[in-house]
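Good morning, colleagues, and thank you for your time.

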Amino acid sequence: PVTSAVAKLQDIGNRNLWLFFATGRYFYKNGSTVDEDYTNQQEAIYGIKDPCYIRDTANANVNDLDPACTTTVTTALQDQTSSITSIIPDTTPGWKINLAQATSTFKAQRVYTNPTATSGGAVFFTSFKPSSAVCSYGGSTSLWAVKYNTGGTVVGSNVRGQALLQLS
């Protein structure tokens, strides 16, 4: 499930509209007979090029969305989980990063807050790993900073400034 907003960033130089979101939710501390919070599901962070964004420089509606477009993105995302590729081919529709799965200490890591995309090319996500002990309080929160077009490492001045992040 995606339970937060989708952030966007316009890459004018390469004529792409990037969309950023992540999966996960946290409604219940302990799931009922149906695992309501997907404690063992693989959650992920995504960066996807909008396939309906008009890229044709001759078109008067450049930097707009094609209202007749029905293209979907279903496969072929670059997996940046363990081996980060610094350049993703233009034909690749985007990237993904798998989050940590459940352990004996924490339930699966998930993102249920809004991502923040900055004009410098950095995208921020806050993730949460709830404690697996029912009587325990809280869990572990992480801040992710990734490069918009690869999901890779953000360098130098791209992380300078402030980002408004939702924590709950």
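Predicted model: local features only at pLDDT ≥ 70, side-chain atom pairs only at ≥ 80, totals over all residues.

Let us start with F20, which has a relative accessibility of 0% and therefore counts as buried.

What does F20 pair with? F20 and W18 form a stacked aromatic pair, with 6.3 Å from centre to centre and 10° between the planes. W18 has a relative accessibility of 3%; buried means under 20%, so W18 counts as buried.

W18 also pairs with Y148, and here the arrangement is edge-to-face: the centres are 6.0 Å apart and the planes stand at 90°. This second pair links distant parts of the chain, since W18 belongs to strand β2 while Y148 lies in the segment after β8, 130 residues apart. Y148 is buried, as is W18. Together with W95, the residues W18, F20 and Y148 make up one aromatic cluster. The count of aromatic pairs comes to five.

Let me now turn to the sheet. In what order do the strands of the open sheet lie? The order is β1-β2-β3-β5-β4, five strands with mixed pairing. At the edges are β1, residues 7-11, and β4, residues 78-79, each of which pairs on one side only.

We may walk through several of these pairings. Strand β2, residues 16-22, runs antiparallel to strand β3, residues 44-49, and five bridges join them. Within this pairing, F21 stands opposite Y46 of β3. On to the next neighbour: β3 and strand β5, residues 94-98, are likewise antiparallel and joined by five bridges. There, A44 has N98 in β5 as its bridge partner. By contrast, β4 and β5 run parallel, with two bridges between them.

My last topic is the disulfide. How many disulfides does the structure hold? It holds one, and it joins C52 to C69 with an S to S distance of 2.0 Å. The torsion about the S-S bond of C52 and C69 is about -65°, so this disulfide is left-handed. Both C52 and C69 lie in the loop between β3 and β4, so the pair ties together parts that are 17 residues apart in sequence. C52, at 15% relative accessibility, counts as buried.

Thank you for your attention.

Terms used:
Residues numbered from 1 in each chain as written. Heavy atoms only, no water. Pairing = 2+ DSSP bridges. Helix = DSSP H or I, 4+ residues; strand = E, 2+ residues; numbered from the N terminus. Disulfide = S-S within 2.5 Å. Buried < 20%, exposed > 50% of the residue type's maximum accessible area, 1.4 Å probe, protein only. Phe/Tyr/Trp six-rings, centres within 6.5 Å; stacked < 30°, edge-to-face > 60°.
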